[in-house]
Amino acid sequence: MAVAAAGELLDLLSREVRELSLGCTPEVVRIDGPPDPVQFLRDFVMPNRPCIITNAIAHWPALRLWSNSYLQSQLAHRSVSCHFTPDGRADALVQAPQSADVGSKSSHSDGGDLEGEGPANEIVFASSLVEVLPFPTALECVLSSSCEDRSVAYLQQQNNCFPLEFSALSEDVDSDIAWASEALGCKPEAVNLWIGTQESVTSFHKDHYENLYAVVSGEKHFTLLPPTDVHRMYVKKYPAAHYERTDSGSLVLKRDSPTAWVPWSSVDPFPKNAERQTAESQHPRYFGGPLAFECTVRAGELLYLPSLWFHHVRQSPDSEGRTVAINYWYDMQFDMKYAYFNFVECLAASSSTLETISIRSSS
Ligand SMILES: O=C(O)CCC(=O)C(=O)O
């Protein structure tokens, strides 16, 4: 009874937030031109609502300059961080095929090989292998990425990599989004560059940042859910693992030692047709609830992705075979709204624990 009540109350909250603030059709509004800082703060940051801003970065030289050959020449002698996975899913849940034997390994169609301790078929949280490579080599790896060869490269590093590794391109974009800096009262904490292909998919997660995400070339497809839908995300803790390269060059998945636990959502919003029914029965609150907010951010557009929103990201390449984006992470306010979201998250976690217990005890 208490379980049903908690679930129903969380559903009510999620519906009410749509009715009062986000709108009942899951659309991300587009506004033309950079907003006034006060308007941006009042209409989007304070109510924690996403929007896409067109014609806000039209003046960036990057939009016309950043061909592959330009990037190769500007960054010919720079080293950059490149992320490798066997299937394009970094920071994602992967089924570990391995028995408890430490050090042995076996092949797995989804996530490479796994070494380390743990029960067979256990789900682990897999981080990519990060290699620092000369930019021209890294770009080649990205462009030739393919799951069939079991090596997908994504040029990205979420540590303020743009000024750290790509300073040769700094004249081509703005160092911050001026009206956002004014609205938020600070400069960005990190500016990150992303160069990838359709093989790389970013799984559902949330960040403690206000995110201004600009697409320079190609398209990014965002699937978004507000923080008040956390109970529909099926977040649980999974043992951490990471990819390493073997002497033969293939990727092996290794459990972190000592064991670390990472809370992550198991929802894949785009299961393959053959897996759709299983996905729906495992995640009824996601697939049976209100539709997620879907949007495509095109070259020259800027997405405001509010703090703590769950996002899943896919990409479509341009005519040169890549998608290029740059994002600005601004510190969020750890205010009363944050405290409420935390409360909802705790309630969702305890209601799903109770649900599991009650399903087990009634079966
Ligand atoms: O572009 C991507 O693949 C992921 C972007 C993202 O997760 C972020 O900006 O927080």
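Tyrosine 234 is partly exposed, with 18 other C-beta atoms within 10 Å, where a residue counts as buried if 20 or more other C-beta atoms, placed from the backbone, lie within 10 Å of its own, as exposed if 12 or fewer, and as partly exposed in between. The model is predicted, and local features need pLDDT of at least 70, side-chain atom pairs count only at pLDDT 80 or more, and totals for chains, interfaces and linings use all residues. Residues are numbered from 1 along each chain as its sequence is written.

**Backbone exceptions**

- Most residues other than glycine have a negative phi, and most peptide bonds are trans.
- Tyrosine 234, in the loop between strand S13 (219–225) and strand S14 (235–245), has a positive phi near 50°; helices (H or I, at least four residues) and strands (E, at least two) are DSSP runs, numbered from the N terminus.
- Asparagine 160, in the loop between S9 and helix H6 (161–165), has a positive phi of about 75° although it is not a glycine, and this residue is partly exposed, with 14 other C-beta atoms within 10 Å.
- Serine 257 and proline 258 are joined by a cis peptide bond with omega about 0°, and proline 258 belongs to the loop between strand S15 (251–255) and strand S16 (261–265).

- An open sheet of nine strands runs in the order S1-S2-S18-S12-S20-S10-S9-S3-S8 with mixed pairing, two strands being paired if DSSP finds at least two bridges between them.
- Its edge strands, S1 (29–32) and S8 (129–134), each pair on one side only.
- Strand S3 (residues 79–85) pairs with S8 in the antiparallel sense over six bridges, and serine 79 stands opposite proline 134 in S8.
- The buried residues of helix H5 (residues 135–143) are Phe135, Ala138, Leu139 and Val142.
- Seen down the axis of H5, these buried residues fall within an arc of 100°, so they line one face of the helix; the arc is that of the directions from the helix axis to the C-beta atoms.

**The ligand shell**

- Around the ligand are Trp194, Thr202, Asp207, Asn211, Tyr213, Lys220, His311, Val313, Ala325 and Asn327, a residue being near a molecule if its C-beta atom, placed from the backbone, lies within 6 Å of it.
- This shell divides into four nonpolar, four polar and two charged residues, with Ala, Val, Leu, Ile, Met, Phe, Trp, Tyr, Cys and Pro counted as nonpolar, Asp, Glu, Lys and Arg as charged, and the others, Gly among them, as polar.
- Strands S12 (209–217), S19 (310–316) and S20 (323–331) each supply at least two residues of the shell.

Definitions and conventions:
Contact = placed C-beta atoms within 7 Å. Axes fitted to C-alpha atoms, helices over the stretch in contact; angles between N-to-C directions.
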